[in-house]
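Subject: Structure for you to look at

Hello,

Here is the structure I promised to pass on. Please open it next to this email and follow along.

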Amino acid sequence: MEIGGRQITNRLFLGTGKFSSNRLIPEAVRAAGVQVVTVALRRVDMEFEQENIAAYIPEDCIMMPNTSGARNAQEAVRIARLARAAGCGNWVKIEVISDNRYLLPDNYETIKATEILAGEGFVVLPYMSPDLMVAKKLVEAGAAAVMPLGAPIGSNRGLKTRELVRILIDEIPLPIIVDAGLGRPSEAAEAMEMGAAAVLVNTAIATAGDPVAMARAFSLAVAAGRLAYLAGPGESVEYARASSPLTGFLRD
Amino acid sequence: MNIYLNGKATDIPDGLTISGLVAQRRLNPETIIVEHNYNLVKKEHWDGIVLKENDRVEILRFVEGG
């Protein structure tokens, strides 16, 4: 698939938050063959020395800064511009959140930010609550992909928004990337089987007992789900249909 | 002299440039982003900006995130 002029062959995008050690990030990236990773932008803490996250992201990866911390479109635009000026490319994940309990995105502000940043030449991937009309407006606003949530961020609850995501996949001519909430590889596979273009996973990998192995497991599930989607699953029916011939039995 | 560094009132010597501030704080210029009075300042211009009373300086960096 192509996004923002880049050929993306690995459909697992990885978030870099919550790893117990930054050293696990490049290992997870390599184990899963990940091409797109997200980072955030924050104030430097003057009291404590901090590690440079970019040093842990392999150079051939696309580093996609998110606008986390933004509470409205204007703040998201500011963060995106700063991130681009810092020389980390022109991809941005729009994340506008003012709800602190469920961390649900503000779709209205997200549309506004998408429009401004797409107009400035950014490759904009907006994180959104799945809603068909909002997704259509994001297309008009110039988004490069649409990223509906599967469940609240960091909840590992799975593809709770299944029906709405399915409608987006059906109706929206852009890649639909399920972002947030996927807790297990089987859930990522399910999203891919439905026709999602990719999934973005962070917490489920970073907080696993063995994050590197889990990154690999997600990568395999995503590839399997994609292959199944392309293969076209057979129909499901109410009653049994014998798989072996119903003639030539030995009993008579 | 007082400036607002990452939102906090901070005392700095008169005549300090952005480069000087970065050096004083022992920050690696390669890994940070500097915003001066809400304008992004590229590294090559840090030397030319002398901080003034009540200036607002934000020093940012990329961190882990989803």
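Arg26(B) counts as exposed, because it has 8 C-beta neighbours inside 10 Å and the limit for exposed is 12 or fewer. Find Arg26(B) in the loop between α1 (18–24) and β3 (33–36) of chain B. Its backbone is worth a look too: phi of Arg26(B) is near 55°, a positive value in a residue other than glycine. Most residues other than glycine have a negative phi. Bear in mind that this is a predicted model.

Lys18(A) sits in the loop between β3 and α1 of chain A. Is Lys18(A) exposed or partly exposed? Lys18(A) is partly exposed, because 15 other C-beta atoms lie within 10 Å.

Now chain B as a whole. Chain B has 1 helix and 5 strands. From the N terminus on, the order is β-β-α-β-β-β. The radius of gyration is 12 Å, close to the 11 Å that the globule rule gives for 66 residues, so chain B is as compact as a globular protein of that length. Its C-alpha atoms fill a box of roughly 40 × 25 × 20 Å along the principal axes. Of the 66 residues, 24% count as buried. Take the contacts in chain B between residues at least 6 apart in sequence: 58% of them join residues at least 24 apart.

Next, where the chains meet. 28 residues of chain A are in contact with 18 residues of chain B. On the chain A side, β4 (36–43) and α2 (73–85) each supply at least two residues. β4(A) gives the most, with 6 residues. By class, this side of chain A has 14 nonpolar, 11 polar and 3 charged residues.

Strands pair across the two chains as well. β4(A) is joined to β5 (residues 56–64) of chain B by 5 bridges, and the two strands run antiparallel. Which residue of β5(B) stands opposite Leu41(A)? It is Phe62(B).

Then turn to the inside. Nonpolar side chains tend to be buried together in soluble globular proteins. Here the largest nonpolar core has 96 residues. Those with the most contacts inside this core are Leu14(A), Ile177(A), Ala196(A), Val199(A) and Phe218(A).

Last, helix α8 of chain A. This helix covers residues 211–231, which is 21 residues. At 1.5 Å a residue, α8(A) should span 30 Å, and its end C-alpha atoms are 30 Å apart, so the two agree. The buried residues of α8(A) include Met214(A), Phe218(A), Val222(A) and Arg226(A). An α-helix has 3.6 residues a turn, so residues three or four places apart point the same way. What do the buried residues of α8(A) pack against? They pack against β3 (12–15), α1 (24–32), α6 (185–194), β10 (198–201) and α7 (203–206) of chain A. Just after α8(A), Gly232(A) takes a positive phi of about 80°.

Best wishes

How values were computed:
Residues numbered from 1 in each chain as written. Chains lettered and ligands numbered in written order. Predicted model: local features only at pLDDT ≥ 70, side-chain atom pairs only at ≥ 80, totals over all residues. Core = buried A, V, L, I, M, F, W, Y, C linked by C-beta atoms within 7 Å. Buried ≥ 20, exposed ≤ 12 C-beta atoms within 10 Å, placed from the backbone. Helix = DSSP H or I, 4+ residues; strand = E, 2+ residues; numbered from the N terminus. Expected span 1.5 Å × (residues − 1). Contact = placed C-beta atoms within 7 Å. Nonpolar A, V, L, I, M, F, W, Y, C, P; charged D, E, K, R; others polar. Pairing = 2+ DSSP bridges. Rg over C-alpha atoms; globule rule 2.2 N^0.38 Å.
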